[in-house]
Amino acid sequence: MTTMLDRATTPAAPDSTARLSLTPSGVRPGRLDGAWWPRSRDLLLELPALAAALDERWGRVTRITVNPAQWPVIPRRIPVTGHTVHAGWFTTEQDEHTIAVFSYAPRRLNLLVVPPETDAVDAARLMAEAARPANTMAASGLLAVETGGGTQGPESRSDFLPSAVAPSGGAGEALRRADVARSRATSWPVPA
């Protein structure tokens, strides 16, 4: 039996370089450790380039978890150069716009997954913000702010109070920070 493949419908192998941005080494990251901008939503095609980039700098990738809202097919095992990466998924426990990457050394990276259809300018801005150590936003919140059309980033707001910084003004400062957080939470978009 002969199988014919139509080049128009057969997925092409992606570029072999991963579009990846990580927080600087030695710096304690915020909620995200960086960002990854895949070229498609096919983990079998995309993960080998990401694993190769991380294997060199961070240690052999052994496992990943994703949210199935963004990935139509999640294979249990993904062959990459020289080894296999085990894949899992979580629906409510993991932000739908993140990938958690685990290495052989007990390390974990939480990366923003920039949607493949994002234009280059927006993707570059998202990747830079996700890799910024002072970023305290979750992946979905960061996507909502950055693609919301002209919304200012947290670094430009005068009332931005990173949670990693302890209030210096005592209980009054802590209450003010709680009020700021509550007022912001009411304006956040509800994910669909």
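Mentor: Helices here are DSSP runs of H or I with at least four residues, and strands are runs of E with at least two. The model is predicted.

Trainee: How many helices and strands are there in the protein chain?

Mentor: The protein chain has four helices and seven strands.

Trainee: In what order do the elements run from the N terminus on?

Mentor: The order is β-β-α-β-β-β-β-β-α-α-α.

Trainee: What share of the residues count as buried?

Mentor: Of the 192 residues in the protein chain, 36% count as buried. The chain exposes about 11500 Å², with carbon and sulfur atoms supplying 56% of that area.

Trainee: And the contacts, what percentage join residues at least 24 apart?

Mentor: That is 62%, taken among contacts between residues at least 6 apart in sequence.

Trainee: Switching to helix α3. Which residues are buried there?

Mentor: Helix α3 spans residues 139-146, and Ala 139, Leu 142, Leu 143, Val 145 and Glu 146 are buried in it.

Trainee: Why do they line one face of the helix?

Mentor: Looking down the axis of α3, the buried residues fall within an arc of 165°, so they line one face. As background, an α-helix has 3.6 residues a turn, so residues three or four places apart point the same way.

Trainee: What do the buried residues of α3 pack against?

Mentor: They pack against strands β6 (98-103) and β7 (108-113), and against helix α2 (120-131).

Trainee: New topic, aromatics. How many aromatic pairs does the count come to?

Mentor: The count comes to one aromatic pair. The rings belong to Trp 36 and Trp 71; their centres are 6.0 Å apart and their planes lie at 15°, which is under the 30 degrees cut-off, so the pair is stacked.

Trainee: Where are Trp 36 and Trp 71 in the chain?

Mentor: Trp 36 is in strand β2 (residues 34-36), while Trp 71 is in the loop between β3 (61-66) and β4 (77-80). They are 35 residues apart, and the pair links distant parts of the chain.

Trainee: Is Trp 36 buried or exposed?

Mentor: Trp 36 is buried, at a relative accessible area of 1%. Trp 71 is buried too, at 3%.

Trainee: Which rings have the charged end of an Arg over them?

Mentor: Arg 19 has its charged end over the ring of Trp 37, 3.6 Å from the ring centre. The charged end of Arg 63 sits over the ring of Phe 102, 3.9 Å from its centre.

Trainee: Last one, Ser 21. What does it touch?

Mentor: Leaving out residues up to four places away in sequence, Ser 21 touches Asp 33, Gly 34, Ala 35, Met 127 and Ala 131. A polar atom of the Ser 21 side chain lies 3.3 Å from the backbone oxygen of Met 127.

Key
Residues are numbered from 1 along each chain as its sequence is written. This is a predicted model: local features need pLDDT of at least 70, side-chain atom pairs count only at pLDDT 80 or more; totals for chains, interfaces and linings use all residues. Side-chain values use heavy atoms; hydrogens and water are left out. Rings of Phe, Tyr and Trp (its six-membered ring) pair if their centres lie within 6.5 Å; planes under 30 degrees apart count as stacked, over 60 as edge-to-face and the rest as tilted. Buried means under 20% relative accessible area, exposed over 50%, partly exposed in between (1.4 Å probe, protein chains only). A charge sits over a ring if NZ of Lys or CZ of Arg is within 6 Å of the ring centre and within 35 degrees of the ring normal. Contact means heavy atoms within 4.5 Å. Accessible areas come from the Shrake-Rupley method with a 1.4 Å probe; for residues, only the protein chains shown count as cover. The arc is that of the directions from the helix axis to the C-beta atoms. A polar contact is a pair of N or O atoms within 3.5 Å; within protein, one must be able to donate a hydrogen and the other to accept it, and residues adjacent in sequence count only if both atoms are side-chain atoms.
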